[in-house]
Protein chains: 4
Amino acid sequence: MNTKLNKIAVLTSGGDSPGMNAAIRAVVRNTTYQNLKCVGVYRGFQGLIENDFIDLDARSVKNIINRGGTFLKSARSKDFREAEGRQKAYQNLKNRDVDALVVIGGDGTFTGASIFSNEFDIPVIGIPGTIDNDINGTDFTIGYDTALNTVVEAIDKIRDTASSHDRLFLVEVMGRDAGDIALNSGVGAGAEEILIPEEDLGTNRLLESLRKSRTSGKTSSIVVVAEGDQIGKNITKLAGYIQDNLPEYEVKVTVLGHIQRGGSPSCYDRVLASRLGVAAVDALIDGKSNIMVGVSHKKIVHVPFEVAINGQKTIDNDLIRVADIVST
Amino acid sequence: MNTKLNKIAVLTSGGDSPGMNAAIRAVVRNTTYQNLKCVGVYRGFQGLIENDFIDLDARSVKNIINRGGTFLKSARSKDFREAEGRQKAYQNLKNRDVDALVVIGGDGTFTGASIFSNEFDIPVIGIPGTIDNDINGTDFTIGYDTALNTVVEAIDKIRDTASSHDRLFLVEVMGRDAGDIALNSGVGAGAEEILIPEEDLGTNRLLESLRKSRTSGKTSSIVVVAEGDQIGKNITKLAGYIQDNLPEYEVKVTVLGHIQRGGSPSCYDRVLASRLGVAAVDALIDGKSNIMVGVSHKKIVHVPFEVAINGQKTIDNDLIRVADIVST
Amino acid sequence: MNTKLNKIAVLTSGGDSPGMNAAIRAVVRNTTYQNLKCVGVYRGFQGLIENDFIDLDARSVKNIINRGGTFLKSARSKDFREAEGRQKAYQNLKNRDVDALVVIGGDGTFTGASIFSNEFDIPVIGIPGTIDNDINGTDFTIGYDTALNTVVEAIDKIRDTASSHDRLFLVEVMGRDAGDIALNSGVGAGAEEILIPEEDLGTNRLLESLRKSRTSGKTSSIVVVAEGDQIGKNITKLAGYIQDNLPEYEVKVTVLGHIQRGGSPSCYDRVLASRLGVAAVDALIDGKSNIMVGVSHKKIVHVPFEVAINGQKTIDNDLIRVADIVST
Amino acid sequence: MNTKLNKIAVLTSGGDSPGMNAAIRAVVRNTTYQNLKCVGVYRGFQGLIENDFIDLDARSVKNIINRGGTFLKSARSKDFREAEGRQKAYQNLKNRDVDALVVIGGDGTFTGASIFSNEFDIPVIGIPGTIDNDINGTDFTIGYDTALNTVVEAIDKIRDTASSHDRLFLVEVMGRDAGDIALNSGVGAGAEEILIPEEDLGTNRLLESLRKSRTSGKTSSIVVVAEGDQIGKNITKLAGYIQDNLPEYEVKVTVLGHIQRGGSPSCYDRVLASRLGVAAVDALIDGKSNIMVGVSHKKIVHVPFEVAINGQKTIDNDLIRVADIVST
């Protein structure tokens, strides 16, 4: 129990994700509920260094639960990588009588938060907010579910054209290192093939699979490609290669890009963000620090930052099998 | 291992839910994948009795993963409650050389399936497809996630009007016995109060809470009401009572109704349906019967029908606390 | 040319509609563009009387073009119906050096605006903002297109259930006096029958039509009912009557209600609102008053308030014929 | 009045657009309504040549009004450019006793249809189905309104990220020759700048405008770029140029691509398609040929193919002015 806790600062950092506003709201509302004070920090760690704060109370966060992005804004901060920057940040927190910090973001955010928390006597709690779902120790990160729906809705639209014209579409989705978005949205969108970084399908097996697909009576096809996939990395080149080898297909490319980061959060992400925002303040009251709050089988868990960042998250092999079967 | 397994019938029964088509597709595709045959039954158990079948292969289920409802249709069947009806159903299955049955639906469906499976030498597997999430032994039922998004999107629209006019809206959502939809959508939509069957708030505490809400600076409010809630059951009467006692509010009622059952399934529901559809056929191949396939902490589980139906599902008390806090 | 024009007030009044925020934004931005000043009035005419103003500049209206409702809020004002209230309103405008007024709303709003404009030496321009499309002299009102999309998306969901269960759904949509929403959304949603106030179909012809529908092979049906329709006014009673006379149908009722007023505006409504907001300020600069700006065949038109309010808008008989044909 | 009219063929050709299915449905339903027969042709003119027909009645087109794409499929046909191909097509129509042809598509489609109609004694009516709105003589083409909504919803998502990160986004939308999509979606999405083929803004004026934008307090910006715009044609190069010259911005590029062609049609497009589909059959009954049916100020018009194709459609200069003003 942290008895001296009186004022909490909250910030968002790294790439924005849908539900960050809902998480900020829950942090703020729980501070009010627990008779604590709350300040927001603009533009992540950079705002911490530049002393860019705003007082927040329960009414400051009304009507934001349904909005994408983060009203506190986010930014990358080179200065926070330097001891001098972090010292300034600490000083700014002290000057405002801030006792604890909640950071919402991904692994980069948690790395910075962990260093900061180890250097200074200020408890820091992390909330996983990233569409990539690449944080260890939590079943889901905030924004991931919304991103999946965005991708699937986009591919539903593309499929209208694909099947009207008997075409093959390569659709690039986010995921530099993790194939979760590609695998799940690929199954959800009924893709014929899914290319992910964790698995090297190889172009030959891809060609063979597409050939078989045509033989089995499929006239149009969607291939979902994670941006970090071995053979899909250069998607234009891959499209050309397929076109050269499978002239019976008309091959097209769509890169979904930044629409995947935005949009009104799904109910799941709003509820998750509300739970984790509340849990972060609860954890501070319980005297915790240097941990991320996450969710495992519907229960709140506390995960040390180093585990959240370094732990190996593995791809769901059962789902890869399902993907193979349902694209029969 | 069921070595004599050759042909599987699949049907949907009870209220339709988004993702049922995706589940049928996965059942059919896995039969093709495993070199089995598949037939669909129209209109649930009633079609079984009336011999209303259709042969299905991998191509029969293309372009349906994104569609709400069920292309096999659903119906209530009084006849299936009679031994005579079930005898006819069994005979029709035998006449078509069907070796096993997959049923997609809710507790009513599983009750019928369980009786049938006990009476005749035909293995039956259930897949939980209902928006109510009221089946024991699985974390989620197919359609629940989509219904939550539908409700939250509808309330987002209502909130536009509520805050433009400083009004109080009572929004009735589905849930005769279970408050899961109300509780989760209420948190997701940022409701001020949530009325669920599992908890008797009482009208006085509701009035008090709404009064406090106004005092704290809130000018508009949303109250989400599960249709089975004690005081919310008669929502028009409740609205009148609130209006009489809180004349400072302008009270309005919206009953969301049947829009909650339809719509293109969310990515989550499509993936869940794909996994469970595949798992149902896998279970038959493994010689299982009289069980429901479900998902628990991302893993496939096999739940005896009697547990699925009778087990007590409890409301998430942690989330009730979160709801209280974030509506501060 | 109004040379003394320096400061313009803008308000929204009556029922809110999607696109009102976009219209306010365009008014404000055009005042900035023309080197004029702008103030917003909260809660319509009531805020005018209660002196509830806010200074607005180009940055005040950022990021609102996509939001439903009206951030200036809306309210009914009994006081504005009294000479005393209007005198107060005028005094408040004078005290703030406001030279002209832009009002966004429907016929009630324009009635008040017209009286006010005739009583006092202050030019007033109206912008048609209502989902009902019941204003004479403009092809479209702001919010109407969005409401149509909302209704059609809702009925698409209901149709999933209707066709899964072979049911007949009566869907009530807005339209006390005008059937535009019902007729257009009915055609858009593929309804079998559409009941509108302008046409008295009669229950017998409705029954006959539904009977024929079944005979022609339709297994499910949607009937769209405007709330002001003669026989559809009491929709529950109508449903009971149909059920009694057509026992082969399973009849269900859904009242769409307030979801029709909210939501992010469609592109069409945003563009229309932008054009009309700009045109309102242009009209004031041109010395106009006591008129509504509207759009006719893609061109801006100026319509005297009395014409906008009293002119008879007629139902599109060609579209009624189309509705009959496409529901064959 | 065409007294010998008995059987009508309908096809879709060129790029698919949302609402094509609704148009086919209206053609088919009106033939049934008028006691005529109808056949569908798969894959446009190519299917005509390859004798790929299907009989259609009122029930064949149920539950398709809400679906994107075209269930009759579309294709480009080199063969139809040759006299021999067209001769074959004519012979196939005669062999099936088809008396008239309805073609749904854009200017390429109408060019082919016009030649065919002049060569052979078979009346042909066109329906404008293309997202580009680049057909002369009709206010709107089927699919255009839906495409605008798709673009605006996508940019709404991108804006979440843009404003969370204070970034500048270049968003490429469709429009090789016509800037209608860019201009209207740009106004609808609240873009700071809009680049269209009809207007050569010049990179210098773009830079200047963006600089001014920053000075006026805007921290993030969206620039909508039609793919055919002079300086926006090579969007990556343009982004690099801006980045070099405006280092205070972080510049990002998103190419919306094929999601713009698909999706469930808006209510407006469904109603337009229903009206034009009915009108096409009406026109054939009236003995018309070699014309397109279109809509002008809500009324059906008949436009000779050569006018529809060659007439110059001009950009809406009033809207360009509105775009300038509302981006203040």
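In this predicted model, A:Val27 touches A:Val10, A:Cys38, A:Val102, A:Ile127, A:Gly277 and A:Val281, leaving aside residues up to four places away in sequence. The residue sits in helix 1 of chain A, which covers residues 20-33. A:Val27 has a relative accessible area of 0% and is therefore buried, the limit being under 20%.

An unreviewed UniProt entry places the feature "binding site" at A:Arg25, A:Ala26, A:Val27, A:Val28, A:Arg29, A:Arg159, A:Gly190, A:Ala191, A:Glu192, A:Lys218, A:Thr219 and A:Ser220. These positions span 196 residues of sequence, and they are spread in space as well, with C-alpha atoms up to 53.0 Å apart.

Is A:Arg159 buried or exposed? With a relative accessible area of 12%, A:Arg159 counts as buried, because this value is under 20%. Beyond residues up to four places away in sequence, A:Arg159 touches A:Ala189, A:Gly190, A:Ala191, A:Glu192, A:Ile222 and B:Asn63.

Attention now turns to the meeting of chain D and chain A. The size of an interface is often given as the accessible area lost when the parts come together. Between chain D and chain A, the buried area is about 2,400 Å², and carbon and sulfur atoms give 48% of it. Chain D brings 33 residues to the contact, and chain A brings 33 residues.

How many salt bridges are there between chain D and chain A? The count is four salt bridges. A salt bridge links A:Asp166 with D:Lys73, and the closest N and O atoms of this pair lie 2.8 Å apart. Polar contacts between chain D and chain A come to 16 residue pairs, with both residues at pLDDT 80 or more.

On the side of chain D that touches chain A, helix 5 (144-165) and strand 9 (251-255) of chain D each supply at least two residues. The largest share, nine residues, comes from helix 5 of chain D. Sorted by class, this side of chain D holds six nonpolar, 16 polar and eleven charged residues.

Note on methods
Residues are numbered from 1 along each chain as its sequence is written. Chains are lettered from A and ligands numbered from 1 in the order in which they are written. This is a predicted model: local features need pLDDT of at least 70, side-chain atom pairs count only at pLDDT 80 or more; totals for chains, interfaces and linings use all residues. Side-chain values use heavy atoms; hydrogens and water are left out. Contact means heavy atoms within 4.5 Å. Buried area is the accessible area (1.4 Å probe) that two parts lose on being put together, summed over both. A salt bridge is a side-chain nitrogen of Lys or Arg within 4 Å of a carboxyl oxygen of Asp or Glu. A polar contact is a pair of N or O atoms within 3.5 Å; within protein, one must be able to donate a hydrogen and the other to accept it, and residues adjacent in sequence count only if both atoms are side-chain atoms. Helices (H or I, at least four residues) and strands (E, at least two) are DSSP runs, numbered from the N terminus. Ala, Val, Leu, Ile, Met, Phe, Trp, Tyr, Cys and Pro count as nonpolar, Asp, Glu, Lys and Arg as charged, and the others, Gly among them, as polar. UniProt positions are given in the numbering used here, feature names are shortened, and annotations may be inferred rather than shown by experiment. Buried means under 20% relative accessible area, exposed over 50%, partly exposed in between (1.4 Å probe, protein chains only).
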